[in-house]
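Look at the charged side chains in the structure below. Which of them pair up, and how open are they to the surroundings?

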Amino acid sequence: MSQLTINETSGDFTHVAKLDHNDLVAIGNGGTRKLFTIPAGAAVDLVGVVNSVDIVGSSTLQIDVGTTLSDPNEFIKDLDVDAMTVFAPTFNTGTALYQSTATTTVKGGSHPVAGASADTAVYIKITDSAAASIAAGEVVIGIRLIDLSRFF
């Protein structure tokens with residue numbers, strides 16, 4: 001039986017995307033962009049979003065993150081990014097990870113989310129009527145995958 005190396009056992013996220021204000025403007029209101037690919041056989045364990053630079057120029061910036069191109073909200077749903085305190089992260093608010101209740105509780109049978117049977121894209125969707133006016137800001141999105149295929 002093989003053992004994990006120190007590097008394999010440490011770390012918190014397997015994939016990270018930084019989107020600055022130029023990226024947010026380019027995606028635009030109602031737009032989507034592919035962030036990551038979940039490889040076949042892997043499962044999503046954790047998704048987090050942090051506003052690392054305060055959003056300037058919008059008071060309506062909302063994002064969704066998930067695998068459905070038209071409405072990717074499986075991992076992060078309806079997150080009001082411009083209202084977030086800088087460096088105060090939000091985790092697993094999507095429909096596939098946690099249920100919506102007064103207190104966040106693990107949704108039964110979905111931690112981690114069921115494994116992908118084929119490579120699956122992860123998208124971000126922006127809803128912001130003032131997206132073109134965003135003049136500053138940065139959003140960091142991290143995802144942690146459980147991927148046993150890396151040991152093959």
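At 40% relative accessibility, Asp78 is partly exposed. That label covers values between the two cut-offs: buried means under 20% relative accessible area and exposed over 50% (1.4 Å probe, protein chains only). The partner of Asp78 is Lys77, and their side chains meet in a salt bridge. The term stands for a side-chain nitrogen of Lys or Arg within 4 Å of a carboxyl oxygen of Asp or Glu. Lys77 is partly exposed too, at 32%.

This is a predicted model, where local features need pLDDT of at least 70, side-chain atom pairs count only at pLDDT 80 or more, and totals for chains, interfaces and linings use all residues. Residues are numbered from 1 along each chain as its sequence is written, and side-chain values use heavy atoms, without hydrogens and water.

How many salt bridges does a search of the whole structure find? Three.

| Pair | N to O distance |
|---|---|
| Asp78 and Lys77 | 3.6 Å |
| Arg33 and Asp23 | 3.6 Å |
| Arg144 and Asp45 | 2.4 Å |

Arg33 and Asp23 form a salt bridge. Their pair links distant parts of the chain, ten residues apart: Arg33 lies in strand β2 (residues 32-38), Asp23 in helix α2 (residues 21-27). Helices (H or I, at least four residues) and strands (E, at least two) are DSSP runs, numbered from the N terminus. Arg33 is partly exposed at 30%, and Asp23 is partly exposed at 23%.

Arg144 pairs with Asp45. Strand β10 (residues 136-146) holds Arg144, strand β3 (residues 43-56) holds Asp45, and the two residues are 99 apart. Arg144 is partly exposed at 28%, whereas Asp45 is buried at 10%.
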